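Dear colleague,

I am handing over the structure we spoke about, with the sequence alongside. Please have a look at it first; my notes follow below.

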Amino acid sequence: MLKFLKGVVGSGGGIKDLPYNIGEPYSTAWGGWAHFRGTSKDDNSPVSIFSYTGSNAQDARLAAARNGAKRLRVVRHPNVLAFLHSTEVENIDGGVAKPTIYLVTEPVMPLSEKIQELDLQGTQRNEYYAWGLNQIARAVSFLNNDCKLQYDWLVGTQFKSLELAKSDWTTIRKSPPWALDSWGLGCLIYELFSSAKLAKTEDLRNTSQIPKTLLPDYQKLLASAPVKRLNSAKLLENSEFFHNKLVETIQFMEILNLKDSVEKDVFFRKLPTLAEQLPRPIVTKKLLPLLSSALEFGSAAAPALNPLLKIGSWLSQDEFNVKVLPTVIKLFASTDRAIRVGLLQHIDSFGAGLSTQVVDEQIFSHIATGFADTSAFLRELTLKSMLLLAPKLSQRTITGSLLKHLSKLQVDEEPAIRTNTTILLGNIASHLNDATRKRVLINAFTVRALRDGFAPARVAGIMALMATAEYYDATEIATRILPHLVVLTVDSDSDVRTRAFQATEQFVQSLKDYYSKLQSGDPTAVAAPAANVASAGSLGLLGWAVGSLASKKSNDLSSAPAEITSGSTIMTASASQTAAPPSIATHTSAQPRFHVDEPATASPTSNDGWGDAQDQAFGNDDEDEKDGWGDMDLPAEPALALSRIRAAQQKPVTTQPKPVATSTSSPVKHISRPAIGRVKESSPKSSDGWGDDDDPWAAIAAPAPSTTARPLNPTASRPSSLANGPRRQPQQAQHVSIDGASSRGRGRAAPMKLGASRIQRTSD
């Protein structure tokens with residue numbers, strides 16, 4: 001018999017074969033069972049271990065314990081303890097074999113200790129009690145109504161109903177299956193609200209601590225007649241006590257798959273505010289796991305991400321890494337754009353907990369897809385996330401992938417993205433190796449940023465050069481940096497000029513200090529001359545240029561759950577700069593400006609899109625195309641005449657109607673083309689507001705037309721209307737000048753003769 005039970009209940013062979021470690025016991029247990037803390041020998045996960053020792057092999061209570069272990073193994077219900085393992089051993093005590101059953105379940109603790117630990121008061125206490133009673137009532141209803149189970153061996157005398165205490169088995173057999181357990185549920189409610197153990201049955205009449213909304217159902221549970229006792233299933237349906245925010249919130253999450261998208265969206269948008277009003281321990285230990293599972297398996301959409309991260313912020317860093325971070329890492333692989341936006345918007349709240357291995361091997365490849373996204377809002381969020389993630393990337397990932405994406409973003413169509421790309425490069429320069437810094441930084445900050453048509457982008461380039469001054473040697477400062485900065489001292493934007501003067505003065509001073517030390521034989525002169533400048537006035541991290549995409553967010557990404565704040569700060573130096581930065585939200589540029597006309601200077605060979613940027617035009621380098629850095633460079637500055645023609649093409653073209661003669665007696669009007677002539681020292685403004693000084697075509701214009709009359713070519717001007725009738729002769733002929741010269745010959749033209757007469761020409 002014992003061998004059979006061992007096969008049914010679990011593996012035999014003694015406690016040494018139990019795959020769990022038995023820890024300290026709890027102070028209370030139930031019905032002769034001992035309750036211990038325990039851990040798994042495999043992964044050290046917590047469990048609860050229950051043990052029951054019989055007096056001998058024929059102990060009736062031992063039989064009940066065996067039956068309970070057997071039932072628990074096959075019964076599965078969300079509100080019933082999850083069975084993990086069981087075994088039975090024999091211990092010799094005083095020459096008598098005493099069998100002991102060990103039952104392992106999911107971790108639980110005595111209710112009295114949990115209530116004392118939570119220390120809830122008022123409404124939150126009642127909501128917590130309601131949720132707990134809801135779970136127990138569901139379990140009792142399942143065991144009574146579905147499984148038809150009852151057992152009274154382990155029930156204390158004070159908890160037995162009147163018929164059970166009298167052993168009135170006839171009445172018990174005629175009673176509904178829930179009668180005995182409904183009485184027991186009423187006893188639990190009494191102990192719960194009175195905060196004391198039930199000593200005798202008569203104490204159940206003391207209802208002063210029972211909530212008024214629960215009192216009628218409490219009395220029905222303890223009805224003297226078994227047939228009148230309230231079914232636990234009806235208790236949940238009818239009682240107002242169980243209709244509160246905590247119970248309804250958890251129940252909604254438990255049946256989330258049955259809700260439609262509109263209900264889910266409304267629920268998750270209200271959940272962050274609602275969670276603040278619920279008992280925090282219940283939210284973090286019950287609601288948070290439900291949220292994580294819903295997001296992982298797709299039953300919850302992007303709006304659920306915000307409450308997940310908000311609730312996660314209430315945890316310690318270790319708890320967050322265990323309960324929330326695994327879900328976040330999996331969500332980065334989601335193709336839902338709204339989820340990706342939500343993760344990037346909140347990356348500051350969890351990014352610090354990401355390990356370098358996770359970022360480099362699991363997350364970056366998914367985030368990098370946002371660099372080329374069609375939504376400018378998502379591109380900018382992806383760019384900003386690199387400030388936190390780039391230090392966690394390997395040099396191989398930085399040079400092989402990240403810098404290629406940044407090179408493309410530096411010529412993005414959005415001015416704010418171009419500006420922020422420059423700022424990011426300045427902030428992550430310390431995480432680049434020396435060779436990469438030599439190849440990338442100067443080209444990115446001078447050829448790209450300082451020639452950008454957006455004024456804040458030029459300011460960003462200046463500030464980035466100053467923030468990374470320690471990485472440039474004297475030759476680079478003199479030949480590759482200062483020529484670009486000096487040109488900006490006459491920039492049309494006042495802030496650009498101010499920053500350019502400041503940077504020029506600092507770099508020139510660094511060169512002076514460097515060569516002074518060099519002449520005096522100072523050994524520190526071998527270092528970068530600008531290192532002293534950088535250390536004396538550390539610029540710190542450059543601030544983001546935020547705001548230009550805020551108004552476009554709703555158009556680019558209507559499903560984004562959060563808003564971007566429109567800011568007015570741009571790349572301020574936190575430690576040393578005191579000048580008020582400009583706002584880029586309304587900062588516009590009329591047209592692209594190319595500020596410098598200079599020969600190309602030598603720069604290190606590049607394969608990352610920035611090397612020799614000023615020497616090449618867009619898309620002409622096949623080698624760059626191989627590694628994704630092609631067509632990233634600025635075109636050469638057009639000639640002055642060509643640039644003026646391009647400017648003129650942008651102006652509206654107006655045409656004047658051709659004059660029509662209204663009378664045969666009026667002379668033929670003199671018609672002349674608009675002058676495309678030489679630039680004169682002074683000329684009046686034309687009717688459209690343009691004078692010769694403003695004329696973009698003036699530099700390449702032809703000579704001004706002559707006003708001297710010349711004869712028309714009779715043969716060329718003779719129309720086909722002669723065949724239709726005689727031609728009307730004007731009273732007076734006027735000579736029309738075209739471009740100030742005849743089509744052939746030299747000198748003054750002879751007067752025009754009418755009729756079909758021969759024209760005498762003299763040969764040259």
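Which strands does helix H2 lie across, and at what angle does helix H2 run to E5? In this predicted model, helix H2, made up of residues 60-74, lies across strand E3 (46-53), E4 and E5, and its direction is at about 25° to that of E5.

The sheet to which these strands belong is an open one of five strands, with the order E1-E2-E3-E5-E4 and antiparallel pairing. Strand E1 (20-25) and strand E4 (83-93) each have a single partner strand and stand at the edges, so that one side of each is left without a neighbour in the sheet. From one strand to the next, the twist averages 30°.

I then turned to the charged side chains, where a search of the whole structure finds 20 salt bridges. One of them joins Arg-229 and Glu-163, with an N to O distance of 2.7 Å. Because Arg-229 lies in the loop between helix H8 (215-221) and helix H9 (232-238), while Glu-163 belongs to helix H5 (residues 162-165), the pair ties together parts that are 66 residues apart in sequence. Both Arg-229 and Glu-163 are buried.

A salt bridge is also formed by Asp-412 and Arg-379, whose closest N and O atoms are 3.0 Å apart. Here Asp-412 sits in the loop between helix H20 (395-409) and helix H21 (415-428) and Arg-379 in helix H19 (residues 376-389), so this pair ties together parts that are 33 residues apart in sequence. Asp-412 has a relative accessible area of 10% and is therefore buried, and Arg-379, with a relative accessible area of 6%, is buried as well.

In the salt bridge between Lys-438 and Asp-473, the closest N and O atoms are 3.5 Å apart. This pair links distant parts of the chain, 35 residues apart, with Lys-438 in helix H22 (residues 434-448) and Asp-473 in the loop between helix H23 (455-467) and helix H24 (474-487). Lys-438 counts as partly exposed, at 30% relative accessibility, and Asp-473 is partly exposed too, with a relative accessible area of 30%.

Definitions and conventions: Residues numbered from 1 in each chain as written. Predicted model: local features only at pLDDT ≥ 70, side-chain atom pairs only at ≥ 80, totals over all residues. Heavy atoms only, no water. Pairing = 2+ DSSP bridges. Helix = DSSP H or I, 4+ residues; strand = E, 2+ residues; numbered from the N terminus. Axes fitted to C-alpha atoms, helices over the stretch in contact; angles between N-to-C directions. Contact = heavy atoms within 4.5 Å. Salt bridge = Lys/Arg side-chain N within 4 Å of Asp/Glu carboxyl O. Buried < 20%, exposed > 50% of the residue type's maximum accessible area, 1.4 Å probe, protein only.
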